[in-house]
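Here is a short report on one protein model. Keep the sequence and the 3D view open as you read.

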Amino acid sequence: MKLRNLILTALFAALTAIGAFIRIPFAFSSITLQFFFTAMAGVLLGARWGAASQAVYVLLGLVGLPIFTQGGGFSYVLQPTFGFLVGLIPAAWLIGYMSRKKSGFWWLCLGCLAGLGVLYLIGMPYMAVILNVYLAKGMSLWSLLMAGMLPFLPGDMVKIAVTALLCGRLRPVLSRYLPQ
């Protein structure tokens, strides 16, 4: 059982890495599938293993594997978007925690939305600090919201809906293979 959990954790870490390089043109920006695979990891693997999969992804990128959208290595902590990568870990945990007992479409959407909220609560302040303190860009709140959140929300809503639809159907079928 533990070996299976470790394999699934590695699988979702790899899917998140792949998701960083899948770009879908959408409205005013392009979206990646990192959060999509993070949300799936939370729903399918649960809080503990879902968060572990994202921690593995972030750690592999920090040790130098070029699996982030702009490469990898420890210096990536100075990238404005690094806070979003860190935010994937508690986002997966919260999604897994909220979806552990209920798997209805709207409940899964709510769990994924809460996870997305955590992602932005970590990612946006980190972006503001790096851009305004470290890089001294002097960006306004509106500019920060336009750079890091508002254009991505429509795509995030689509990812949440697809995750809820897909995982709501997959979880009962795969339940004997998933962590308990």
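Helix H4 gives the largest share of the lining of the largest pocket, with four residues. This is a predicted model. The largest pocket has a volume of about 560 Å³. Its lining counts 23 residues. Nearest the centre of the largest pocket lie Thr-32, Gln-34, Thr-81, Phe-84 and Phe-152. Which elements give two or more residues to that lining? They are strand S2 (29-31), helix H2 (34-62), helix H3 (82-98), helix H4 (105-134), helix H5 (141-148) and helix H6 (153-174). Sorted by class, the lining of the largest pocket has 13 nonpolar residues, seven polar ones and three charged ones.

## Inside helix H2

Helix H2 holds several residues worth a look. Start with Thr-38, which lies in helix H2. Is Thr-38 buried or exposed? Thr-38 is buried, because its relative accessible area is 0%. The side chain of Thr-38 makes a polar contact with the side chain of Gln-54, at 2.8 Å. Leaving out residues up to four places away in sequence, Thr-38 touches Thr-16, Gln-54, Leu-88 and Ala-92.

Met-40 is in helix H2 too. At 7% relative accessibility, Met-40 is buried. Which residues does Met-40 touch, not counting those up to four places away in sequence? They are Phe-12, Leu-45, Thr-163, Leu-166, Cys-167 and Leu-170.

Gly-46 sits in helix H2 as well. Gly-46 has a relative accessible area of 19%. Buried means under 20%, so Gly-46 counts as buried. Beyond its neighbours within four places in sequence, Gly-46 is in contact with Ala-41, Ala-51 and Gly-96.

Now take Ala-52, also placed in helix H2. Ala-52 is partly exposed, with a relative accessible area of 25%. Ser-53 lies in helix H2 too. Ser-53 counts as buried, because its relative accessibility is 0%. With residues up to four places away in sequence set aside, Ser-53 touches Thr-9, Phe-12, Ala-13, Ala-41 and Leu-45.

## Apart in sequence, and in space

The next residue is Val-86, in helix H3. Val-86 is partly exposed, with a relative accessible area of 33%.

| Pair | Apart in sequence | C-alpha to C-alpha |
|---|---|---|
| Met-40 and Val-162 | 122 residues | 9.7 Å |
| Gly-46 and Leu-178 | 132 residues | 8.6 Å |
| Ala-52 and Ala-10 | 42 residues | 8.9 Å |
| Val-86 and Tyr-126 | 40 residues | 9.7 Å |

## Two cysteines

How many disulfides does the structure hold? The count is zero. Cys-109 is in no disulfide. The cysteine sulfur nearest to that of Cys-109 belongs to Cys-112, 6.8 Å away. A disulfide needs two cysteine sulfur atoms within 2.5 Å. Cys-112 is likewise in no disulfide, and its nearest cysteine sulfur is that of Cys-109, at 6.8 Å.

Are these two cysteines buried or exposed? Cys-109 is buried, because its relative accessible area is 11%. Cys-112 counts as buried as well, because its relative accessibility is 0%.

## A loop residue with a positive phi

Where is Ala-136 found? Ala-136 is in the loop between H4 and H5. Ala-136 has a positive phi of about 50 degrees, although it is not a glycine. Most residues other than glycine have a negative phi. Is Ala-136 buried or exposed? Ala-136 is exposed, because its relative accessible area is 60%. The cut-off for exposed is over 50%.

Methods. Residues are numbered from 1 along each chain as its sequence is written. This is a predicted model: local features need pLDDT of at least 70, side-chain atom pairs count only at pLDDT 80 or more; totals for chains, interfaces and linings use all residues. Side-chain values use heavy atoms; hydrogens and water are left out. On a 1 Å grid over the protein atoms alone, a cavity is a set of points where a 1.4 Å probe fits but cannot get out, and a pocket is an open set with protein on both sides within 12 Å along at least five of seven lines; lining residues have an atom within 4 Å of a point. Grid points are joined across faces, edges and corners, and a volume is the space filled by probe spheres set on the points. Ala, Val, Leu, Ile, Met, Phe, Trp, Tyr, Cys and Pro count as nonpolar, Asp, Glu, Lys and Arg as charged, and the others, Gly among them, as polar. Buried means under 20% relative accessible area, exposed over 50%, partly exposed in between (1.4 Å probe, protein chains only). A polar contact is a pair of N or O atoms within 3.5 Å; within protein, one must be able to donate a hydrogen and the other to accept it, and residues adjacent in sequence count only if both atoms are side-chain atoms. Contact means heavy atoms within 4.5 Å.
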